[in-house]
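Welcome! Please take a moment with the chain shown here, and then we can walk through it together.

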Amino acid sequence: MSLVYVGDNEVLPILFNPLLRKIQQVSADGAYDKREYYHVLKNKGITPRIPPRSNVESWEEGILK
């Protein structure tokens, strides 16, 4: 959850910091289909379940961008 004038995808990197529980998986819409969010989730050991955007291209790491 975020303020009306702040998109959820803008605050994803800090949403998980105050949580005490281990999160195994995150489901989100295509607004979160960005390389930086995959890295944030990977670094926290969280499996992303995010559908690709309509203008998807391959990343060099095999992750979609």
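The report below goes from the overall layout to one helix, the core, and a few residues of interest.

**Ground rules**

This is a predicted model, in which local features need pLDDT of at least 70, side-chain atom pairs count only at pLDDT 80 or more, and totals for chains, interfaces and linings use all residues. Residues are numbered from 1 along each chain as its sequence is written, and side-chain values use heavy atoms, with hydrogens and water left out.

**The overall layout**

The chain has two helices and two strands, and reading along the sequence gives the pattern α-β-α-β. Helices (H or I, at least four residues) and strands (E, at least two) are DSSP runs, numbered from the N terminus.

Of the 65 residues in the chain, 22% are buried. Here buried means under 20% relative accessible area, exposed means over 50%, and partly exposed is in between (1.4 Å probe, protein chains only). The accessible surface of the chain is about 5,000 Å², and carbon and sulfur atoms account for 54% of this surface. These areas come from the Shrake-Rupley method with a 1.4 Å probe; for residues, only the protein chains shown count as cover.

Contacts, meaning heavy atoms within 4.5 Å, tell us about links along the sequence. Among those between residues at least 6 apart in sequence, 26% join residues at least 24 apart.

Helix H2 covers residues 35-43, and its buried residues are Tyr-37, Tyr-38, Val-40 and Leu-41. Seen down the axis of H2, these buried residues fall within an arc of 160°, so they line one face of the helix. The arc is that of the directions from the helix axis to the C-beta atoms. On the face turned away from the buried side, H2 carries the exposed residues Lys-42 and Asn-43. Glu-36 also lies in H2 and is partly exposed, with a relative accessible area of 47%.

**The nonpolar core**

A nonpolar core is a set of buried Ala, Val, Leu, Ile, Met, Phe, Trp, Tyr and Cys residues joined through side-chain atoms within 4.5 Å. The largest one has nine residues: Leu-12, Phe-16, Val-26, Tyr-32, Tyr-37, Tyr-38, Leu-41, Ile-46 and Ile-50. H2 gives the largest share of this core, three residues. Phe-16, a member of the core, is in contact with Ile-23, Val-26, Leu-41, Lys-44 and Ile-46, leaving aside its neighbours within four places in sequence.

Where is Asp-33 placed? Asp-33 is in the loop between strand E1 (25-27) and H2, and at 0% relative accessibility this residue counts as buried. The side chain of Asp-33 makes a polar contact with the side chain of Tyr-38 at 2.9 Å. A polar contact is a pair of N or O atoms within 3.5 Å; within protein, one must be able to donate a hydrogen and the other to accept it, and residues adjacent in sequence count only if both atoms are side-chain atoms.

Asp-33 also meets Arg-53, side chain to side chain, in a salt bridge (3.6 Å, N to O). Asp-33 lies in the loop between E1 and H2, and Arg-53 in the segment after strand E2 (47-49), so the pair ties together parts that are 20 residues apart in sequence. A salt bridge is a side-chain nitrogen of Lys or Arg within 4 Å of a carboxyl oxygen of Asp or Glu, and by this rule the count comes to one. Arg-53 is partly exposed, with a relative accessible area of 29%.

**Gly-45 and other pairs across the sequence**

Just after H2, Gly-45 takes a positive phi of about 75°. Gly-45 sits in the loop between H2 and E2 and counts as partly exposed at 41% relative accessibility. Not counting residues up to four places away in sequence, Gly-45 touches Lys-22, Ile-23 and Gln-24.

Ala-31 is in the loop between E1 and H2 and is partly exposed at 35% relative accessibility.

| Pair | Distance along the chain | C-alpha separation |
|---|---|---|
| Ala-31 and Pro-52 | 21 residues | 9.0 Å |
| Glu-36 and Pro-13 | 23 residues | 8.6 Å |
| Gly-45 and Gln-24 | 21 residues | 7.1 Å |
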